[in-house]
Amino acid sequence: MEFSRKYQGTSNVNSSGNATNMSFAPDTLRDPTFFVADLEKHIPFREAMSALHQVVVSDMRFQPKDKVDYKAWLKEQEDIFLAEAMSQKAEKEAKLKALREALKEVNHKANKALAPYYKAETKYFNYLYKNDYDAWFVLDPVITIHPDNIFFECFSQDESSYGKLSCDYEVFQNISEHAYGTTNIDYSNTLYQEFQKIRDYKNTQFMIDPSGFEVQTEQSDAYKEEKIDLPDSWVRGFLQVSSAMSLPFIQFDLHPMDIYNLLLVLKRHKERASPRSIRFILTPDQPVKMLVEPWGFELVCHRSLYKGKKAEEVRIWGRRRLFILERLLPIVKRFKISLLGTGLPSFWVAEMQGMSFTLGLSGWSANDFSRMGNFDLMAPRGEVDSITAEKVFHALQQTWVESASALSKRLGLDELTIKSALGIYSQYGRVLYDMDKDLYRIRELSQDPLPMDQLRFSNEREAKATNFIKSKLVNIIAKQEEGARLTIKGVVMDDGNEFKPEITIDADMRLVDAQCSCHFYHQNKMNQGPCEHMLAVRLFS
């Protein structure tokens, strides 16, 4: 999926003894979006941006060890090892000497013959390292300016971690120019290094450069134009995160020292066997307990009580991604944790003065948001006609940010209709649900409409579910309401076999529980989303 980016120059930070000018180059192909102000909270902003950088460069996929240097050293030591092994045999000293001379001559000729190869190999590995390093920044962060705050969003390289830094206007002062909207900003490793020079005693200007949208003359700064071929998985991952944020969570708070103790355990120990998980043991009105496996270390968070109504036990994997939060520990007031379930995504919101940092983690590092978690299919799916959905979206466009309840009162529609309509637009990449403040925000992921036909089905299960319905192979056999939940039982004929899925939907039309007799469910449960038979029953009902 190809996206075009056009920047006037590059983002840069100019630092002197008493001032720092921080200028981000926005995408000039988007609608004018700019912001100019002085930075009020220097160090917290620097640390928060550094944490966002750690999300951008994060890649927890397996990386084989580079043994080139070790093999080169071993080759250099061959003669010494051989001499030490044979030095005890005096009678062979003369022979060894001759052999060493011969070996030296052979090595000299071999090194001379292989020198071009070693030189090319070194050059290749240097290029590969630099090429991969630059690739971390190809997917430039998305920045959105709203009436109440500014927020940055990014995705990790392995697409398993999502980062969002929200800055209220109290983080800034002397705001002079601004225009609401969403744009990409030019970002590089050099810019990150310059962030580290921000100090409290320096006046720092924060600028999303408005001059990037002015008419330019021949003497103006050069434009940098890029055409980025984004993988479908990256775009779909953003859409899945938005859907996952709107699902029901198990929530509790943790004190910064609790996160510090957890990271300290992980830093001091190296897991060499499974399971490599954190087990959260949650008892109402009792301290949160974290069992760190496989060592069995139990961390009791005496500062953090679980205020839920029933006991829960949830396990998550991919825990070393939590080191992204390490630099935030000195400035965080509290962490708000939201767990979707065992092996499912979790969101860690670091609340700071005037800022919040949201770290979204997929079930485990290899289970990215895009391919193995169809959370858009578990999000609210009430019946909303296109005219009503467009009406709700245009109403949100007028205010840029608003809660579902406020929109419901203003438009005279029920909240389920509002949430379902905005859920549709969030799956189009045009609306973002702010789980920290329970608000919906306008956020256009791209300037041009996303190719939804290309993104419609993220995997084969969704396409199969649609085909089952078209072929009239789905029947509903029972519906049962228990309080605010609706349980639906159905029968799906799949290739001559009869499957009996059962799904449970809450009052917000979210899929909260399900089971099926198929192999996919028995192998994966709900860790990779619903099977095609569950999807067919839900869509048909």
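**How do we know? Questions about a predicted model**

Modeller: Let's start with helix α11, whose buried residues pack against β23 (474-482), β24 (485-494), α12 (519-524) and α13 (532-540). Packing here rests on contact, defined as heavy atoms within 4.5 Å. The model is predicted, so local features need pLDDT of at least 70 and side-chain atom pairs count only at pLDDT 80 or more, while totals for chains, interfaces and linings use all residues. Residues are numbered from 1 along each chain as its sequence is written, and side-chain values use heavy atoms, with hydrogens and water left out.

Biologist: Which residues of α11 are buried?

Modeller: In α11 (residues 460-470), they are R461, E462, A465, T466 and F468. Buried means under 20% relative accessible area, exposed means over 50%, and partly exposed is in between (1.4 Å probe, protein chains only). Helices (H or I, at least four residues) and strands (E, at least two) are DSSP runs, numbered from the N terminus.

Biologist: How do you know where on α11 its buried residues fall?

Modeller: Look down the axis: the buried residues of α11 fall within an arc of 155 degrees, so they line one face of the helix. The arc is taken from the directions that lead from the helix axis to the C-beta atoms. On the other side of α11, E460 and K470 are exposed.

Biologist: What makes D148 and R441 a salt bridge?

Modeller: Their closest N and O atoms are 2.9 Å apart. A salt bridge needs a side-chain nitrogen of Lys or Arg within 4 Å of a carboxyl oxygen of Asp or Glu, so this pair qualifies. D148 lies in the loop between β5 (142-145) and β6 (149-155) and R441 in strand β22, so the pair ties together parts that are 293 residues apart in sequence.

Biologist: Why does R441 count as buried?

Modeller: R441 has 0% relative accessibility, so it falls in the buried class. D148 has a relative accessible area of 26%, so it is called partly exposed.

Biologist: Which residues of R303 and D258 are buried or exposed, and how far apart do the two come?

Modeller: R303 is exposed at 51%, whereas D258 is buried at 2%. Their side chains meet in a salt bridge at 3.8 Å, N to O. R303 lies in strand β15 (residues 297-305) and D258 in helix α6 (residues 256-268), so the pair ties together parts that are 45 residues apart in sequence.

Biologist: How many salt bridges does a search of the whole structure find?

Modeller: The search finds 19. Salt bridges that share partners join D148, K164, D434 and R441 into one network.

Biologist: How do you know that β21 and β22 pair?

Modeller: Four bridges join β21 to β22 (residues 439-442), and the two run antiparallel. Strands pair if DSSP finds at least two bridges between them, so β21 and β22 pass. Y433 stands opposite Y440 in β22. The open sheet has three strands in the order β20-β22-β21. Its edge strands, β20 (401-402) and β21 (431-434), each pair on one side only.

Biologist: What makes a patch of Y70, W73, L74, I80 and F81?

Modeller: They form a nonpolar patch on the surface, with about 480 Å² of accessible area together. Patches take residues with over 30% relative accessible area and no salt bridge, joining nonpolar side chains (Val, Leu, Ile, Met, Phe, Trp, Tyr) within 5 Å and like charges within 9 Å. Areas come from the Shrake-Rupley method with a 1.4 Å probe; for residues, only the protein chains shown count as cover. I80, in helix α2 (residues 68-86), is partly exposed at 40%.
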